[in-house]
Each structure stands twice: as C-alpha cells, then as structure tokens.
Amino acid sequence: MEEELKNFIKVWITTILCLCYCHYIVSRLIPKGLLRLISLLPVFYLFITTPLTLHSFHLCGPTIFFLVWLGIFKLLLFSFNLGPLSPPQPSLFHFISIACLPIKIKQNPNPKSTQKPRNPIGLPNKSIVVAVKALLLGLVIHSYEYRPHLHPYVILTLYCCHMYLALDILLALSATPARALFGVELEPQSDEPYLSTSLQDFWGRRWNLMVTNILRPSVYDPIRRVSARVVGARWARLPAVMATFAVSGLMHEVIYYYITRVQPTWEVTWFFVLHGVCVVVEVEVKKAVTGRWGLHPVVSRPLTLVFLAVTGNWLFFPQLIRNGVDTKAIGEYAIMVDFVKANLPHLHR
C-alpha cells in the first residue's frame with residue numbers, strides 16, 4: 001500500500017509539472033493549431049504511461065479517468081483554442097484544476113444561486129446528500145459479505161448501486177476544493193440518473209455530465225458539422241451520436257485495460273455501440289410520435305433502468321468480473337481500513 005501511494009504521488013507530481021509547462025509555455029508562446037498539438041505530445045505520453053505504475057483499483061481508476069480521458073481530451077481541444085481551457089485560465093491553479101479534474105465552470109451563473117438556503121444544522125444540502133450516499137455505499141459494501149447467499153440479480157443491483165454511488169461521491173469530492181477556492185459556480189456533474197425517463201435523457205442530461213460536456217465539442221460537434229455536408233442537416237445528428245458512443249466505448253476499453261492489464265475483448269465497446277443505436281432509434285421514434293403518444297414517467301423510468309441493468313450485465317460488467325476486478329475492489333476497502341489503523345496509532349486505543 002505504501003509503495004502504491006508513492007507511485008500515486010509521483011503520477012500527480014508529474015501531472016502538475018506537465019500542466020505548468022502547458023500553462024506557462026504552450027499557452028503563451030505556441031500558437032493554436034498543429035504546432036501546439038505537437039508541443040503537447042510529450043504531455044500526452046506522460047499522461048498515458050505514468051499511471052501504468054498504479055495497480056490499485058481505487059487509485060488507478062480515477063487517475064485514468066481524470067488524466068487519460070478528460071485531461072487528454074481537454075488538452076486536445078486546447079490545442080485548437082477550444083474547450084474549457086480556452087481562453088487560457090487567469091491563474092495556474094485554475095488551469096491545473098480545470099485540466100485534470102471533472103469540473104466545468106458555469107459560464108452564466110444565476111446570481112440567486114449563490115444565496116441557497118442552508119439546512120437547520122448549518123451544512124450545505126449537498127454535503128448532507130454526499131454523506132447519505134457515502135452511508136449507502138458503506139451498506140452496499142457491507143452487503144458483499146453475504147454475496148455467496150445472494151441471487152445474481154441482487155448482486156447485479158448492488159454492482160449498479162455501487163458504481164453510481166462511488167462515481168457520484170468521487171465527482172462531488174473532486175469538485176469541493178475547486179468550488180471552495182475559486183468561489184465560482186460549477187456545472188452539475190450529474191443529475192439523479194435514476195430518474196431518467198429514456199436513454200437519451202440518461203446519457204445526455206443525467207449520467208456523468210463531465211464526460212458529456214467533453215465529448216460534445218471533441219467528437220459530436222465536429223462529426224455533425226462534417227456529416228451535415230454529406231447527408232444534410234436532417235440526418236447529421238445520427239452519425240454524430242454513433243461516433244460519440246463509439247469513442248466513449250473505446251475510452252472505457254482503455255480504462256478497463258489499465259485496471260485489468262489484459263487484452264481488450266471489446267464487450268464494453270459493443271455496450272456503448274448498442275446504446276448509441278438505441279438512442280438513435282429512440283430519437284427518431286420520438287420525432288415521429290411527438291404530440292400523439294408517449295410513455296408516462298412511471299412506466300418509462302423503470303423500463304430505462306431495467307434496460308441499462310440488463311445490457312450492463314450482458315456487456316458492461318462481464319470483463320471486470322471475469323478478471324476479478326469486483327473482488328479486488330471490494331477487498332481494497334479492508335486494506336485501506338487496515339492501512340489507516342496502522343498509521344493512526346490512537347485508533348488502537
């Protein structure tokens with residue numbers, strides 16, 4: 001555990017040094033375009049290779065998500081003076097935070113939103129929500145002790161809840177220091193995905209919005225503009241949606257490789273391709289029946305969640321389960337508790 005933490009610290013020190021180079025040299029001395037992109041290639045190389053020293057699921061997973069996916073995509077956009085890093089941020093800390101954390105500063109914040117009421121015990125409502133979710137995550141983790149006696153569908157439900165709660169807590173915690181130090185309003189990172197009434201609603205407006213916000217300018221918008229010249233504006237959205245889901249699937253394959261260190265099986269890519277096809281069909285059906293027919297949320301919400309769970313069980317989770325990632329992740333909680341106890345002697349009293 002100590003060696004893993006040392007490697008983790010080295011990765012993030014390297015990341016900060018790389019982003020200092022981007023802020024002080026690339027953004028000020030190198031013009032946008034191909035030359036800037038070439039100047040960022042060493043940064044991409046380090047972002048890709050340094051996390052290979054990490055093997056812990058809870059340290060490797062978030063690092064890959066922050067650096068290899070969000071970080072590299074943001075810097076690719078930055079190469080052409082696009083995305084959240086353009087125009088250049090006023091301070092180094094702003095630049096580093098936006099480049100490697102899943103946050104996005106709200107461009108036109110509502111003045112009233114800064115005066116949100118607080119709950120009776122003096123904590124922001126978001127803090128209570130995160131605390132409740134942390135408690136629920138603890139209950140889910142404790143439930144794994146009874147896994148041999150649980151039905152597979154119950155285990156699948158626990159995995160889905162675990163993934164949602166862990167990601168939501170991770171996103172909230174990563175935004176907390178930036179929100180406190182910047183004093184600015186941030187874009188929401190998710191919006192209660194369990195209330196989704198359709199796949200389009202889930203992927204486009206509720207689940208992991210930081211990925212949505214980075215895929216839109218880097219994949220969806222360019223593909224849609226190019227497609228509009230070929231197939232016309234009416235159909236340009238369809239290849240753009242499919243390309244976005246395909247890229248998302250490939251990036252999940254990358255994350256899976258770092259976590260499992262085995263050759264990709266492309267199951268998770270097919271999961272996203274399947275959902276891309278379903279979203280395309282869903283959008284066209286909605287256009288055809290608008291104003292004449294529609295499902296009530298009482299029906300559409302459970303249908304959406306069931307479809308996500310069934311296809312996830314078929315294509316999203318198998319590669320992780322087959323390589324023991326679920327068992328490894330669960331076991332790491334006990335290792336972390338033991339490590340904390342060993343380094344905080346007063347806990348033994």
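## Aromatic rings in an all-helix model

A search of the whole structure turns up 18 aromatic pairs. Keep in mind as you look around that this is a predicted model. Let's start with two of those pairs and then step back to the overall fold.

**Two pairs to find**

- Phe202 and Trp207 form a stacked pair, with 5.6 Å from centre to centre and 10 degrees between the planes.
- Phe202 has a relative accessible area of 9%, and Trp207 has 15%; buried means under 20%, so Phe202 counts as buried and so does Trp207.
- Trp203 and Phe271 make an edge-to-face pair, 6.4 Å centre to centre with 75 degrees between the planes.
- This second pair links distant parts of the chain: Trp203 sits in helix 8 (residues 199-206) and Phe271 in helix 11 (residues 267-289), 68 residues apart.
- Trp203 and Phe271 are both buried.

**The overall fold**

- The protein has 14 helices and zero strands.
- Its radius of gyration is 21 Å, close to the 20 Å that the globule rule gives for 349 residues, so the protein is as compact as a globular protein of that length.
- The C-alpha atoms fill a box of roughly 70 × 55 × 50 Å along the principal axes.
- Among contacts between residues at least 6 apart in sequence, 73% join residues at least 24 apart.

- Of the 349 residues, 43% count as buried.
- The protein exposes about 19000 Å², and carbon and sulfur atoms supply 69% of that area.
- There are 32 positive and 18 negative charges, and their mean positions are 10 Å apart.

How values were computed
Residues are numbered from 1 along each chain as its sequence is written. This is a predicted model: local features need pLDDT of at least 70, side-chain atom pairs count only at pLDDT 80 or more; totals for chains, interfaces and linings use all residues. Side-chain values use heavy atoms; hydrogens and water are left out. Helices (H or I, at least four residues) and strands (E, at least two) are DSSP runs, numbered from the N terminus. The radius of gyration is taken over C-alpha atoms; the globule rule is 2.2 Å times the number of residues to the power 0.38. Buried means under 20% relative accessible area, exposed over 50%, partly exposed in between (1.4 Å probe, protein chains only). Contact means heavy atoms within 4.5 Å. Accessible areas come from the Shrake-Rupley method with a 1.4 Å probe; for residues, only the protein chains shown count as cover. Lys and Arg count as positive and Asp and Glu as negative; His and the chain ends are not counted. The place of a charge is taken as NZ of Lys, CZ of Arg, CG of Asp or CD of Glu. Rings of Phe, Tyr and Trp (its six-membered ring) pair if their centres lie within 6.5 Å; planes under 30 degrees apart count as stacked, over 60 as edge-to-face and the rest as tilted.
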